[in-house]
Amino acid sequence: MGDLLNCPQCGKLFIKGIRKTCDACFKEEEQQYDKVYRFIRKSENRNATIVDVSEATTVSENKIIYFIHQGRIRVKGFPNFTYPCDGCQKPINDGRLCQVCKEKLKSELSIEDFIMKKQQEALPSYHTDDN
Ligand SMILES: [Zn+2]
Ligand SMILES: [Zn+2]
């Protein structure tokens with residue numbers, strides 16, 4: 001018994017369990033996590049940016065952000081390590097949302113709804129602020 005699922009990472013079929021990916025992808029992800037974790041826990045890497053970490057570990061920036069979102073990697077003490085707020089894309093250093101978005105979120109239904117709404121708002125924009 002056991003349901004079959006397509007692995008969201010590689011597309012292979014695997015038996016549904018506690019993991020959301022197949023064994024191979026799970027192992028790969030653990031190795032990537034390990035590399036990032038080992039890199040950032042060294043004190044000489046305290047000033048690293050996300051680009052530095054990605055280059056040093058060969059783990060993609062998106063994957064590193066994914067680990068942060070999962071709460072497995074904490075970069076709060078890293079002054080240069082920022083990644084975009086899920087709500088407004090402003091650089092942040094902790095959690096998924098900046099302070100402003102966290103305040104706004106209090107009146108919203110859920111973090112997922114909030115982020116989806118924000119992303120939709122951001123789509124049809126023809127003017128930018130940076131000129
Ligand atoms: Zn897989
Ligand atoms: Zn924000």
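C22 is buried, as its relative accessible area is 7% (buried means under 20%, exposed over 50% and partly exposed in between, with a 1.4 Å probe and protein chains only). C22 is also one of the residues that coordinate the zinc ion (ligand 1). The model is predicted: local features need pLDDT of at least 70, side-chain atom pairs count only at pLDDT 80 or more, and totals for chains, interfaces and linings use all residues. Residues are numbered from 1 along each chain as its sequence is written, chains are lettered from A and ligands numbered from 1 in the order in which they are written, and side-chain values use heavy atoms, leaving out hydrogens and water.

**Zinc ion (ligand 1)**

- The zinc ion (ligand 1) is held at 2.3 Å by the SG atoms of C7, C10, C22 and C25 (donors are N, O and S atoms within 2.8 Å of the metal, or 3.2 Å for Na, K and Ca; water is not among the atoms, so sites may look incomplete).
- Along the chain, the donors of the zinc ion (ligand 1) are spaced as C-x2-C-x11-C-x2-C.
- The arrangement around the zinc ion (ligand 1) is tetrahedral because its four donor atoms subtend angles of 106 to 116° (four donors count as tetrahedral if all angles lie between 85 and 135 degrees).
- The ideal angle for four tetrahedral donors at a metal is 109.5 degrees.
- C25 is buried, with a relative accessible area of 11%.

**Zinc ion (ligand 2)**

- C85, C88, C98 and C101 coordinate the zinc ion (ligand 2) through their SG atoms, at 2.3 to 2.4 Å.
- The spacing of the donors of the zinc ion (ligand 2) along the chain is C-x2-C-x9-C-x2-C.
- C88 lies in the loop between β3 (83-84) and β4 (91-92), and C101 in helix α4 (residues 99-105), so the pair ties together parts that are 13 residues apart in sequence (helices, H or I with at least four residues, and strands, E with at least two, are DSSP runs numbered from the N terminus).
- The four donor atoms around the zinc ion (ligand 2) subtend angles of 105 to 116°, and the arrangement is therefore tetrahedral.
- C88 counts as partly exposed at 35% relative accessibility, whereas C101, at 1%, counts as buried.

**Largest pocket**

- The largest pocket holds about 200 Å³ of space (on a 1 Å grid over the protein atoms alone, a pocket is an open set of points with protein on both sides within 12 Å along at least five of seven lines, and lining residues have an atom within 4 Å of a point; the volume is the space filled by probe spheres set on the points).
- Its lining consists of Q9, I18, R19, K20, T21, F26, E29, E30, Y66, Q70 and R72.
- Two or more lining residues come from each of α1 (23-41) and α3 (61-70), and α1 gives the most, with three.

**Overall chain and confidence**

- The protein chain has five helices and four strands, in the order β-β-α-α-α-β-β-α-α from the N terminus on.
- Buried residues make up 31% of the 131 residues in the protein chain.
- The mean pLDDT of the protein chain is 88, and 92% of its residues reach 70 or more (pLDDT is the predictor's confidence in each residue, from 0 to 100).
- Among the elements, helix α2 (residues 50-57) has the highest mean pLDDT (97) and helix α5 (residues 111-122) the lowest (81).

**K118**

- K118 lies in helix α5 and counts as buried at 17% relative accessibility.
- The C-alpha atoms of K118 and Q89 are separated by 9.7 Å, and the two residues are 29 residues apart along the chain.

Methods:
Tetrahedral: all angles 85-135°; square planar, octahedral: opposite > 155°, others 65-115°. 1 Å grid on protein atoms, 1.4 Å probe; cavity = no way out; pocket = protein on both sides within 12 Å on 5 of 7 lines; lining within 4 Å.
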